[in-house]
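Hi,

Here is the structure I promised to pass on. Have a look at it first, and then read on for what I found.

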Amino acid sequence: MSEVGTEVKILVIDEQEVSAHAGQTILEVARENDIHIPTLCYLEGLSNVGACRLCLVEIKGSSKLTPACVTTVQEGMEVSTNSERLTRHRRTILELLFAERNHICSVCVANGHCELQSLGQELGLTHVRLPYRNPDLPVDASHERFTADHNRCILCTRCVRVCAEIEGAHVWDVMGRGVNCTIITDLHEEWGKSTCTRCGKCVQVCPTGALFDKSKIGSEHPKYPDFLPFLNMMREAQ
Amino acid sequence: MSKLKLATVWLDGCSGCHMSFLDMDERLLELAEVADLVYSPLVDAKEFPEEVDIALVEGAVASVDDEKKIKKIRDHSKTLVAMGDCAITGNVPSMRNSIGPEAILDRAYIENVSAQPQIPCIVVPKLLKVVRPIHQFVKVDVFLPGCPPSADTFYTAIKALVNGGPLDISALTRFGA
């Protein structure tokens, strides 16, 4: 969440004039005005990391693409959230995600409730042009309530952030570099032997079938990450 | 106008796509008015015909035989449709990719067998190291994801292909649908 000031900025998003508070991000302002920008790692209520790059937008006067979730608004900014170029980049990002690990939608616990899957559909992704990597990845079922299936992880770090920022436990973290990155519990202990508080927030915010509730195994596992902004609101009110 | 020549092919898949194709039910009669099914696991033809207008291919490429077939199908088809997730992503058959064919065959034919454990090598084709989607071997014209694509998806898509109308795949189906 960004520090929001009282100063008002006027900018243009998709040829629509909008007003924003200084310090707000392009993504926040776009959502307030019902302008849709696709996201994966972003989640209302968590800090923004700009990891997935799906929210890339074009800003007039800049040849670079800019992530809307970590860019604050400027007076007179002209933003475009949709173009052939952006769609091409976003689709390629999804293809890279699908190719990197083993996303077998048909047998995934999150089939039908997966943000990666539905974004693929939304952006018209009908196949992946890149060769699949088919890595050999573990499934950690040591926890009595939850399972971590690294085959489905897209490294959005929502679990890491919700555990550290909201639950205050910081059990989840990221280990390794590049393609060998993986989420770990504690210092790479089994989840079941970690200092996990069993709150389940990470499962609810996970956009794919990487973290799931064992009692929900099957294909009916909707997730409810929308509790986060309310939780924050209640805490701030206290 | 002569009827279109339609073929359906079954590579490494479960035949679920073909079952879903049959689920078009009475709409198959409508399809039969404009197209002849010239080659398919559902009909008797043994050889892939010289000229096919639309070929629907179910399944991934998993063996040397699949690889040979898909190349032949491409050479003799005007429009090649990748039908279902196995043909498009590798799907369930590709789950063996990180394990390798030797370990899989060993588990199935040696480890878990009490009578005459042996890996079949006569008649059955050799497995490829990894299972891959068909578009990694040949050019694919239309991708129809789903596991399986629904009968409605088949109907809408085939109708659009036959009539040459617009086809918005993502409005119909998705991976794992």
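A question to start with: is B:Ala60 buried or exposed? Keep in mind while looking that this is a predicted model. B:Ala60 turns out to be buried, because 30 other C-beta atoms lie within 10 Å and 20 or more are enough to count as buried. In chain B, this residue sits in the loop that links strand 3 (52-58) to strand 4 (61-63). Setting aside residues up to four places away in sequence, B:Ala60 touches a list of residues that includes B:Leu11, B:Asp12, B:Cys86, B:Ala87, B:Val131, B:Arg132 and B:Pro133. B:Leu144 is 84 residues from B:Ala60 along the chain, and 13 Å separates their C-alpha atoms.

Now to the cores. The largest nonpolar core has 62 residues, and A:Cys55, A:Cys159, A:Cys202 and A:Leu211 are the ones that touch the most other members. Both domain 1 (8-82) and domain 2 (94-219) of chain A contribute residues, so this core lies between them.

Beyond its neighbours within four places in sequence, A:Cys55 is in contact with A:Leu27, A:Ile37, A:Pro38, A:Thr39, A:Tyr42, A:Pro67, A:Ala68 and A:Cys69.

Last, the contact between the chains: chain A supplies 18 residues and chain B supplies 22 residues. On the side of chain A that touches chain B, 8 residues are nonpolar, 9 are polar and 1 is charged.

Best wishes

Key: Residues numbered from 1 in each chain as written. Chains lettered and ligands numbered in written order. Predicted model: local features only at pLDDT ≥ 70, side-chain atom pairs only at ≥ 80, totals over all residues. Contact = placed C-beta atoms within 7 Å. Nonpolar A, V, L, I, M, F, W, Y, C, P; charged D, E, K, R; others polar. Core = buried A, V, L, I, M, F, W, Y, C linked by C-beta atoms within 7 Å. Buried ≥ 20, exposed ≤ 12 C-beta atoms within 10 Å, placed from the backbone. Domains from an automatic or database assignment. Helix = DSSP H or I, 4+ residues; strand = E, 2+ residues; numbered from the N terminus.
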